[in-house]
Amino acid sequence: LGPYSHCEDLRRRIPDCIMVSEQPWASRSPGQESAAGLFRAAFRLIRRHRIDIVSGHGRMFGVWLACRLAGVPLIWTLHGVSTALVRRRRLDFRRLAVEAAFRLISREKRARLVAVSEFTRVRALEMLQQESNGNVKVIRNGVAVLPLLCSMPVPSFTGPLRLGYVGRFESFKGVFDFAPLCRRLTDLGVPFSLKIYGNGSEEAGLRRALAGWTKSGAVSFCGYEGDVWKIYSSFDILVHPARAEWLGTSLIESQAAARVPIAYRSGGTPEIITHSISGFTPPVGDVEGIASAIESLYRNPALAVQTALNARERAQVDFSLERMCKDYESLFREVL
């Protein structure tokens with residue numbers, strides 16, 4: 001049950017054994033569905049097809065009500081927990097209602113909350129005001145394109161370093177740290193190029209901040225790109241200066257592609273990158289730490305190659321689609 005027609009590529013990849021229903025998105029855009037509409041669509045599907053178990057993510061309150069009424073277990077995956085749901089600085093009835101619903105779900109024997117990282121699990125328990133709960137499990141996301149990226153050649157890391165960024169242009173993603181980073185790398189005598197993939201609300205401001213570097217050709221804005229091979233073959237090192245990250249997909253993908261990830265030590269990032277082994281994780285806001293890591297890779301190509309190989313191994317072991325599927329299958333059996 002979900003909106004698929006807006007993405008033809010995704011629709012083409014759905015195998016015939018999967019039945020797709022796009023209610024209640026027939027008259028609404030993705031993200032605009034109502035809890036009542038989800039309830040009606042989910043309840044009809046559960047009854048019509050005798051569904052044994054429901055698994056999903058996103059806005060699931062309507063689906064949860066349908067599952068509860070039909071007596072069907074629910075697996076609800078949390079990709080993140082909104083800061084607004086954790087901080088309690090003012091009275092917010094919507095937040096209180098969401099928290100109350102989550103607490104009800106977390107206590108049900110036939111329901112499980114799945115967190116995509118240990119950091120997400122901790123934040124969820126904080127929201128639930130609980131120290132521990134067996135109904136909140138950690139299953140890290142698997143990456144479907146892992147086999148493709150793992151076939152990518154390992155960079156030589158000789159000559160000017162090719163840096164890359166993949167993500168949204170938002171202030172919490174740390175994109176405005178690129179300007180001081182470019183200045184610092186120049187001061188250190190490290191030749192580089194930077195390709196920036198993505199879009200977002202801060203694009204105009206980011207372009208202004210990097211105007212001089214764009215004019216010189218050192219920085220390129222590449223827009224949104226869906227071809228992961230094209231993205232990761234265009235650079236050697238991923239720079240990911242996010243201030244908050246639940247489980248960064250681009251960090252996992254870059255490791256699979258044997259691209260060295262450098263990211264601030266925030267959220268679930270340390271669960272993906274082992275500092276100085278499969279990448280580098282300086283403290284949040286430490287632009288100098290990012291620059292030092294890049295310089296060390298430039299001065300020591302052998303270290304860079306070994307770090308890239310370690311990164312690929314980490315991705316293969318911990319973030320394969322097969323491992324994720326097995327974890328979910330085990331959880332389904334446990335709940336049933």
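Trainee: Which residues does A66 touch, not counting residues up to four places away in sequence?

Mentor: Contact here means heavy atoms within 4.5 Å. With residues up to four places away in sequence not counted, A66 touches F39, A42, F43 and I46.

Trainee: And what kind of model are we looking at?

Mentor: Residues are numbered from 1 along each chain as its sequence is written, and side-chain values use heavy atoms, with hydrogens and water left out. Local features need pLDDT of at least 70, side-chain atom pairs count only at pLDDT 80 or more, and totals for chains, interfaces and linings use all residues, the model being predicted.

Trainee: Okay, back to A66: buried or exposed?

Mentor: A66 is found in helix α3, residues 61-70; helices are DSSP runs of H or I with at least four residues, strands are E runs of at least two, and both are numbered from the N terminus. Buried means under 20% relative accessible area, exposed means over 50%, and partly exposed lies in between (1.4 Å probe, protein chains only). A66 has 0% relative accessibility, so A66 counts as buried.

Trainee: Why does R121 count as buried, and at what relative accessible area?

Mentor: R121 sits in helix α6, residues 118-128, and leaving aside neighbours within four places in sequence, R121 is in contact with A115, V136 and V138. The buried residues of α6 include R121, along with R123 and L125 among others. R121 counts as buried because its relative accessible area is 19%.

Trainee: Which residue just after α6 takes a positive phi?

Mentor: Look just past the end of α6, at a phi of about 60 degrees. The residue there is Q129.

Trainee: How do α8 and α13 pack, at what angle?

Mentor: Axes are lines fitted to C-alpha atoms, for helices over the stretch in contact, and angles run from 0 to 180 degrees between N-to-C directions. For α8 (residues 178-187) and α13 (residues 287-299), the axes are 9 Å apart and the angle is about 45 degrees.

Trainee: Which residues of α13 does α8 meet?

Mentor: The contact has seven nonpolar, no polar and two charged residues; Ala, Val, Leu, Ile, Met, Phe, Trp, Tyr, Cys and Pro count as nonpolar, Asp, Glu, Lys and Arg as charged, and the others, Gly among them, as polar. From α8 come P180, L181, R184 and L185, and they meet V287, E288, I290, A291 and I294.

Trainee: Then α13 and α14: which orientation do they have to each other?

Mentor: Their axes are 5 Å apart, at an angle of about 110 degrees. Under 35 degrees counts as roughly parallel, over 145 as roughly antiparallel, 65 to 115 as roughly perpendicular and the rest as oblique. So α13 and α14 are roughly perpendicular.

Trainee: Last one: which residues does A179 touch, not counting residues up to four places away in sequence?

Mentor: A179 lies in helix α8 and counts as buried because its relative accessibility is 8%. L210 touches A179, as well as F178 and C182 among others. For A179, with residues up to four places away in sequence not counted, the contacts are A209, L210 and W213.
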